[in-house]
Amino acid sequence: MLRALWRSPAVAGPAALVERNLVIYRHTWYLLLAEVFEPVLYLLSMGVGIGALVGHVPGLGGGDPSVGYVDFVAPALLATAAMNGAMNETTFNIYGKLKMLHTYDSILATPLRIRDVALGEVAWALLRGTAVTVVFGAAVAAFGLLHSPWAVLILPGSLLIAFAFAAAGLAVVTYIRSWQDFQLVQLVMLPMFLFATTFYPLGVYARPVQIAVECLPLYQSIELVREPSLGVMNAGVGLAALYLLVFGALSMALALHRLERTLVP
Amino acid sequence: MGDESAGAGVLIEAVGLRKVHTPRGGGEATEAVAGIDFRVHRGEAFGFLGPNGAGKSTTMRMVAAVSPVSGGTLRVLGMDPKTHGPAIRARLGSVPQDDTLDTELTVRENLLVYGRYFGLPRAEIRERATQLLDFARLVDKADEQVEALSGGMRRRLTIARSLVNRPDILLLDEPTTGLDPQARHLLWERLFRLKQEGVTLLLTTHYMDEAEQLCDRLVVMDHGRIVAQGTPRGLIAGHCTREVLELRFDDQEAAAGKIRHLGDRQEKLPDRLLVYADDGEDALKAVHRTGVEPLTALVRRSGLEDVFLTLTGRTLVD
């Protein structure tokens, strides 16, 4: 039954695309390590370095004094790693395949359809985003920064984050006209990374700013993994999951619509 | 599904086929294919001959079930590309004008991965890939990156890749454009072998010699329309004399006036004058009798280039 599902065109099509990327990745797997390296550096400089100055973040972990600044920052960096891992794949790499390599022209001459290509690329980006998170998550756990059994929710959480941003990246890439346009993407991504409560709690903002920050997909992603890893389970986690699911689904629909326009001659 | 309902052995049938390109954000729509009819039978090598922009490649993309049809009807393998695109593409091989090989993969990986897009089992693709590498004479390049291949090798790999699903029809868009003569001849020989094995070939070209070498039947296209069709021999016989006398002069205008009465028909090109006659040597003698002295004179058999010139008043390759 599972075998039949695996062989149905709806699954086999996207799976063939994932397989293509896996074949390439066999040659370039070390790039994964480079992607893990970045959040580890942030964790060391911000978490450990600045953490030594900050000590405890008030109101964290139900007032548990063993929860320090580094414990607060680590889950946010994890969410960011999942985001970047997935989005780099569907923006930079897919731009190259769309505009430079024309990879999809030959793929679309086979039984595969545009939606197979889109789903396959998002599935692959999701795998990559998750792989980065798992390796980084293992590093975080090794530092002893996970405080609750709820931390197992980090894995499905990062899958969801990777899906949402992979789909968003796929929608974004259809609007990109040249490599210069990636600067505009950075213009959104960098401030979001800095201000979406990555390094300090939402409470530092005035209420109107808080609302704006709460609308950011990265804020919701951080909520999704930070709360469980600190052992705080509340409605906010469910809401964050719902937000990312809807955000990802809408992005996917937009990406499909745009790809139909771009790829059909 | 999949029945050749249009008649025994008809694999492709187009009636009034049209393609209109509407530019995004306004602008005038252009009709790339302006209502064409043709039929391709099983085992045939069928060609589209015409200059750049004649609508050949656009027609190919519609047959390949990649580009949607704007008007008229098209049946490929008895199916409608609009509703059965994936089922049609599963049984086609497609060699586009520009090689779209996966440059991130090695030569063999290109075949292995492409086969997976057709849902073929890995073991079967592996076996097939070995045969195809042999067919494309790329066995010793199997583990190289695509970048390391010459233009001719790339084209052969693209053809090998298009055969991975054992297609009923192989579509080739300008298969030898940009290749050196040696690479072209090797490719023709490979394509001829495929034809002998019973693969139906559909190809576009703006090379006369290619059309004459490979095609059983062809249509001549210009400005999105079919201006003539038939066998290469039949087209030449129907639209031309047997031979052509090519003359170059110092002063073409003056000379042309004096020999206007010679041959069945004449065609003035910027650099030479063509005199169509069943016996070129006779025509040349007649030229000498008028006292006109050409710089060079060449008698040759007429070809498809002449057919195109006769039909449109223009040469194929500018």
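## Helix and sheet packing

The axes of helix α7 (residues 154-173) and helix α11 (residues 235-263), both of chain A, come within 7 Å and cross at roughly 30°, which means that α7(A) is roughly parallel to α11(A) (angles under 35 degrees). Axes are lines fitted to C-alpha atoms, for helices over the stretch in contact, with angles from 0 to 180 degrees between N-to-C directions. Helices (H or I, at least four residues) and strands (E, at least two) are DSSP runs, numbered from the N terminus. The model is predicted: local features need pLDDT of at least 70 and side-chain atom pairs pLDDT 80 or more, while totals for chains, interfaces and linings use all residues. Residues are numbered from 1 along each chain, chains are lettered from A, and side-chain values use heavy atoms, without hydrogens and water.

Among the residues in contact (heavy atoms within 4.5 Å) are A:Phe163 and A:Ala167 of α7(A), and A:Leu245 and A:Met252 of α11(A).

In chain B, an open four-stranded sheet has the order β11-β12-β10-β13 with antiparallel pairing; strands pair if DSSP finds at least two bridges between them. Its edge strands are β11 (265-268) and β13 (296-301), and the twist averages 20° from one strand to the next. Strand β10 (residues 243-248) of chain B joins β13(B) through six bridges in the antiparallel sense, and B:Leu247 stands opposite B:Ala297 in β13(B). Two helices of chain B contact these strands:

| Helix | Strands touched | Angle |
|---|---|---|
| α11(B) (residues 304-312) | β10, β11, β12 and β13 of chain B | about 100° with β12(B) |

Key. Parallel < 35°, antiparallel > 145°, perpendicular 65-115°, else oblique.
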